[in-house]
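Colleague: Can you walk me through this model? I'd like to start with the helices.

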Amino acid sequence: MPRTPDGRDIGSGGIDWRLECEARHLLGLDGYHCIDARGRRIKIGPRRHRQQYLQRVLAARGPAERDRLAAAALRVWNTTASPRS
């Protein structure tokens, strides 16, 4: 049975595991390059990329799911981040 970084055991076929995997995916997003309307190559940073992902979740699934995913990502971030001095 998979274990989350905060120590919870969850089934690998359940909604909680899907949410955990999606939160990890969200945190792992890198930036990317794209072409703007004027034909210039611009860089989208990782933070903006994560914001865009959450906006797409909001449009597709609604505000409750977006907030749930954001909270799960913060939980994963807080449990896996290195301790600050």
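Modeller: Take α1 (15–27). With 13 residues at 1.5 Å a residue, α1 should span 18 Å, and its end C-alpha atoms are 18 Å apart, so the two agree. The expected span is 1.5 Å times one less than the number of residues. Helices (H or I, at least four residues) and strands (E, at least two) are DSSP runs, numbered from the N terminus.

Colleague: What kind of model is this, and how are residues numbered?

Modeller: It is a predicted model, where local features need pLDDT of at least 70, side-chain atom pairs count only at pLDDT 80 or more, and totals for chains, interfaces and linings use all residues. Residues are numbered from 1 along each chain as its sequence is written, and side-chain values use heavy atoms, with hydrogens and water left out.

Colleague: Which residues of α1 are buried?

Modeller: Trp17, Leu19, Glu20, Glu22, Ala23 and Leu26. Buried means under 20% relative accessible area, exposed over 50%, and partly exposed in between (1.4 Å probe, protein chains only).

Colleague: What do they pack against?

Modeller: The buried residues of α1 pack against α2 and α3. Contact here means heavy atoms within 4.5 Å.

Colleague: OK, α3. Where do its buried residues sit around the axis?

Modeller: In α3 (residues 63–80), the buried ones are Leu69, Ala72, Ala73 and Val76. Viewed down the axis of α3, they fall within an arc of 100 degrees, so they line one face of the helix. That arc is taken over the directions from the helix axis to the C-beta atoms.

Colleague: And what is exposed on the other side?

Modeller: Ala64, Leu74 and Asn78 of α3.

Colleague: Zoom in on valine 76. What does it touch?

Modeller: Leaving out residues up to four places away in sequence, valine 76 touches Glu20, Ala23, Arg24 and Leu27. Its relative accessible area is 6%, so valine 76 counts as buried. The C-alpha atoms of valine 76 and glutamate 20 are separated by 8.0 Å, though the two residues are 56 apart along the chain.

Colleague: Now the pair α2 and α3. At what angle do the axes cross?

Modeller: Roughly 145 degrees, and the axes of α2 and α3 come within 7 Å. Axes are lines fitted to C-alpha atoms, for helices over the stretch in contact, and angles run from 0 to 180 degrees between N-to-C directions.

Colleague: Who makes that contact?

Modeller: From α2, Tyr53, Leu54, Val57, Leu58 and Arg61. From α3, Pro63, Glu65, Arg66, Leu69 and Ala70.

Colleague: What covers the buried residues of α2?

Modeller: The cover includes α1, β1, β2 and α3. The buried residues of α2 are His49, Gln52, Tyr53, Leu54 and Val57. After α2 comes glycine 62, with a positive phi near 100 degrees.

Colleague: Switching to the strands. In what sense do β1 and β2 pair?

Modeller: Antiparallel, with four bridges between β1 (residues 32–35) and β2 (residues 41–44). Two strands pair if DSSP finds at least two bridges between them. Isoleucine 35 stands opposite arginine 41 in β2.

Colleague: How many residues lie between the strands of the hairpin?

Modeller: Five. Glycine 39, in the turn, has a positive phi of about 85 degrees.

Colleague: Last one, the whole chain. What pattern does it follow?

Modeller: Along the sequence, α-β-β-α-α. Of the 85 residues in the chain, 25% are buried.
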